[in-house]
Amino acid sequence: MSLSASGGFSGLAVHQGYDGSREIRGSVVNPGNSRESLVPEERSAQPANVGPTTQSPQTRTQPTLQIRRGAQTRAAPPANSSTQNGRNIIQGDIPCAQDPGVITNISPLTDPQRLRQRNNGAALRLATLNIRGFGNPSVFHQDNKWQHIRRLISTRKIAILALQETHLSTERIETINCHFGKSLIVIGSPDPENPTGKSGVAIVLNTELFRPERIKKNVIVPGRALMVQLDHGPSSMNILAIYAPNVSGSDGAENAEFWRIIKDHLPSTKPEIMLGDCNITEAGMIDRLPAHDDPEEACVALDELKQRLQIRDGWRTTFPNEKRFTYLQSATGSQSRLDRIYATDKIIETAREWEIGTTGIPNLDHCIASVQITNEHAPWLGRGRWRIPDYVVEDKDFLTFAQEQGELAQKELEETQTRTSHQNPQRIWHQYKQKLIQKARARAHQIIPGLQRKINATELDLSRTLNDPLIPEKQKMENARTIQIKLAELEKTRMNKIQKEGKTKFRLEGETPTRYWSQ
């Protein structure tokens, strides 16, 4: 855990003694730039509760900490306090160090200055995904879904991800935060009856892209509706993650009651964004295949909540007539757009890149829905600097061209005797670079990686199939199911390739003093 130099913890680490006790060592950075040692009192009697534990949150023993500064000793502020050293860190019902929904593994290598420079950019990508369970109980196992989730938000640069059907208990949340704490913060709400086998919602923050100064958590419906307030800089973002109950046939009473509970128990600060698995559609004739309407009672209740929050379906607002679905029932081929992102008009006006796509995560029947929203307080940023893609840099044809043109430029430079405004080293170098850029752009269009080209072609084929009015509905269901399964397999192959490349890079550079190692 690292915070800014104006106050907070920095460089803390856990040390285990021979007697099995643990101690938190490190320092507290104060506004006066002085450092204080942080040592637990009665270490052997009350070990620090850091990392996974089998104790329940109610019976867990909390350590008493003392801050020693020279000869003076004073008690540390309570762990569940919303302020530490004059700075608000977390408030609401998330204690700072003991709650399983907060990072408890602390990396002494984290540089707060580097984190501040990299976080909270001009635009943030939000997404929602139903992950259909936890997977293997061990986060280290290859069948556990959280390894894939971490890779997904990293490769697609997702800053905030809402998850449904997580099957996360408080112990599992703590384990994930301990294992992935350097790059993720997981804030979850387990199901009160069966936390590891039923429902569950969570919000995942990618701290490499977005690190709020304060997080406030509000559980509206345990295991199904979780609201968080993320304070970053002069503004805050209020997000409501939901996982609505299923509807069966014409019975939508449970789903309707869910929306009413949310409407009646909203906090004073209303959410600007609501996202998740709604388990109903508002326009069944376009959002379901085969087309049919959902129970009116549930649709009316959802509509009343939308009016109360003043939010709209962003994807449908952007694509009013396009068909694209997020849920596929493989047995029957029926599809529906259950996963949606609602936002206020102010957010929708500046949002872009509303997308629905596959993830490559095994054993999923839902697609991911995402959007990129802008930070109104961020400075204006241009298009950025174009760079040659990696696959072009490794292309033999491009490398041969670069070698030949470089030799010609070198020869021209050596033959230059008199410097003029039209013949000088700077102009020769500029012309050489322009030739390389033109060649790289041409090759980039010619040698798009084969796997990515197949994925692009399959997505285009799926869009044409779903939106072709001449294809009968039954045939459309069968064709779309085949294409969707093919697309999922291609995306899974791409993610496995990324995983293999990451393991190879870690094997080569993970233990060497390089930029990769320092990150």
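Guide: What follows is a short tour of terms and the values behind them.

Guide: This is a predicted model, in which local features need pLDDT of at least 70, side-chain atom pairs count only at pLDDT 80 or more, and totals for chains, interfaces and linings use all residues. Residues are numbered from 1 along each chain as its sequence is written, and side-chain values use heavy atoms, with hydrogens and water left out.

Visitor: How many helices and strands are there in the protein chain?
Guide: The protein chain has 14 helices and 23 strands. Both are DSSP runs, numbered from the N terminus: helices are H or I with at least four residues, strands are E with at least two.

Visitor: Why are H2 and H13 called roughly perpendicular?
Guide: The axes of H2 (residues 145-155) and H13 (residues 473-509) cross at roughly 90° and come within 11 Å. Axes are lines fitted to C-alpha atoms, for helices over the stretch in contact, and angles run from 0 to 180 degrees between N-to-C directions. Angles under 35 degrees count as roughly parallel, over 145 as roughly antiparallel, 65 to 115 as roughly perpendicular and the rest as oblique. The two helices are therefore roughly perpendicular.

Visitor: Which residues make the contact of H2 and H13?
Guide: Arg151, Leu152 and Thr155 of H2 meet Met495, Ile498 and Gln499 of H13. Contact means heavy atoms within 4.5 Å.

Visitor: What makes Gln335 count as buried?
Guide: Its relative accessibility is 3%. Buried means under 20% relative accessible area, exposed over 50%, partly exposed in between (1.4 Å probe, protein chains only). Gln335 is therefore buried. This residue is in strand E20 (residues 335-336). Beyond neighbours within four places in sequence, its contacts include Asp287, Phe325, Tyr327 and Gln484. Across the protein chain, buried residues make up 46% of the 519 residues.

Visitor: Why is the pair of Phe258 and Trp259 called edge-to-face?
Guide: The ring centres are 5.0 Å apart and the planes are at 65°, so the pair is edge-to-face. Rings of Phe, Tyr and Trp (its six-membered ring) pair if their centres lie within 6.5 Å; planes under 30 degrees apart count as stacked, over 60 as edge-to-face and the rest as tilted. Phe258 is buried at 4%, and Trp259 is buried at 0%.

Visitor: What makes the pair of Trp315 and Phe319 tilted?
Guide: The angle between the planes is 45°, at 5.1 Å centre to centre. Trp315 is buried at 7%, whereas Phe319 is partly exposed at 27%. The structure holds three aromatic pairs.

Visitor: How do you know that Arg441 lies over the face of Trp386?
Guide: Arg441 is at 4.2 Å from the ring centre. A charge sits over a ring if NZ of Lys or CZ of Arg is within 6 Å of the ring centre and within 35 degrees of the ring normal. Lys439 likewise has its charged end over the ring of Phe401, 5.4 Å from the centre.

Visitor: What is the phi of Lys157, and is this residue buried or exposed?
Guide: Phi of Lys157 is near 55°, a positive value in a residue other than glycine. Most residues other than glycine have a negative phi, and most peptide bonds are trans. Lys157 lies in the loop between H2 and strand E10 (160-164). At 57% relative accessibility, Lys157 is exposed.

Visitor: What makes the peptide bond from Leu289 to Pro290 cis?
Guide: Its omega is near 0°. Pro290 sits in the loop between strand E17 (288-289) and helix H6 (296-309).
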